[in-house]
Amino acid sequence: MGLLKRFRQGDPEAFEALFRQFQGEVYGWIVRVVRDPSAAEDLTPESFWRIYRARGRFDPDASFGAWARRIATNLAIDHVRHTRSEVELPDHLAQPVSGDAIVRRETRRQIAVAFRRLPLKLRVAATLSLIEEQSPKEIAEALGTSEGAVRVKVFRAVRLLRQQLRRLGVKR
């Protein structure tokens with residue numbers, strides 16, 4: 001019997017093998033969503049606990065990785081929803097025209113503020129797409145939605161960010 005079928009039936013050795021195989025991938029995915037390695041370390045075992053508890057709903061013919069990312073994403077979204085975190089933006093996303101370090105720092109701060117104000121579902125899609133550069137397909141699998149819906153969420157997030165930045169006086 002295959003590993004995934006044994007896992008679905010509750011075989012602890014199959015679960016342990018899957019945990020060892022996918023632990024790094026799930027941790028990396030959670031870091032992408034929550035933007036905090038320490039929180040991701042705490043959320044990874046919780047994700048696997050939820051994966052184990054939900055094993056009866058797993059289709060052994062489907063991708064375990066995609067299914068695990070979806071469960072991890074839901075847990076990560078819950079974490080983000082209940083904690084106020086600072087979003088670290090990569091340098092290339094916040095490069096103002098000015099060469100002044102103070103202006104650059106203030107622009108980065110305003111962008112981070114605008115990013116935190118996005119509705120959570122849009123923020124997660126935008127983070128995974130624009131910052132983490134994940135494919136719409138991977139994001140759709142993790143969020144349990146279609147690739148088209150992911151593209152719409154990212155489009156809406158960018159539009160809202162532009163509106164907020166204009167209101168904050170950040171011109172690009």
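Leaving aside neighbours within four places in sequence, Trp-67 is in contact (heavy atoms within 4.5 Å) with Phe-7, Ile-51, Ala-54, Arg-55 and Phe-58. This is a predicted model: local features need pLDDT of at least 70, side-chain atom pairs count only at pLDDT 80 or more, and totals for chains, interfaces and linings use all residues. Residues are numbered from 1 along each chain as its sequence is written, and side-chain values use heavy atoms, with hydrogens and water left out.

**Nonpolar cores**
- A nonpolar core is a set of buried Ala, Val, Leu, Ile, Met, Phe, Trp, Tyr and Cys residues joined through side-chain atoms within 4.5 Å.
- Buried means under 20% relative accessible area and exposed over 50%, with partly exposed in between (1.4 Å probe, protein chains only).
- The largest core has 36 residues. Trp-67 and Phe-7 are among those with the most contacts inside it.
- Helices H2 (12-34), H3 (37-53) and H4 (64-82) are among the elements that give two or more residues to this core.
- A second, separate core of 11 residues includes Ile-111 and Val-170.

**Thr-73**
- Thr-73 is found in helix H4.
- Thr-73 is buried, at a relative accessible area of 0%.
- Leaving aside neighbours within four places in sequence, Thr-73 is in contact with Trp-29, Ala-142 and Leu-143.

**Helix H8**
- Helices (H or I, at least four residues) are DSSP runs, numbered from the N terminus.
- Buried residues of H8 include Val-150, Val-154 and Leu-161.
- Cover for the buried residues of H8 includes helix H5 (101-116), H6 and H7.
- The face turned away from the buried side of H8 carries exposed Phe-155, Arg-162, Arg-166 and Arg-167.
- Gly-169 follows H8, and its phi is positive, near 85 degrees.
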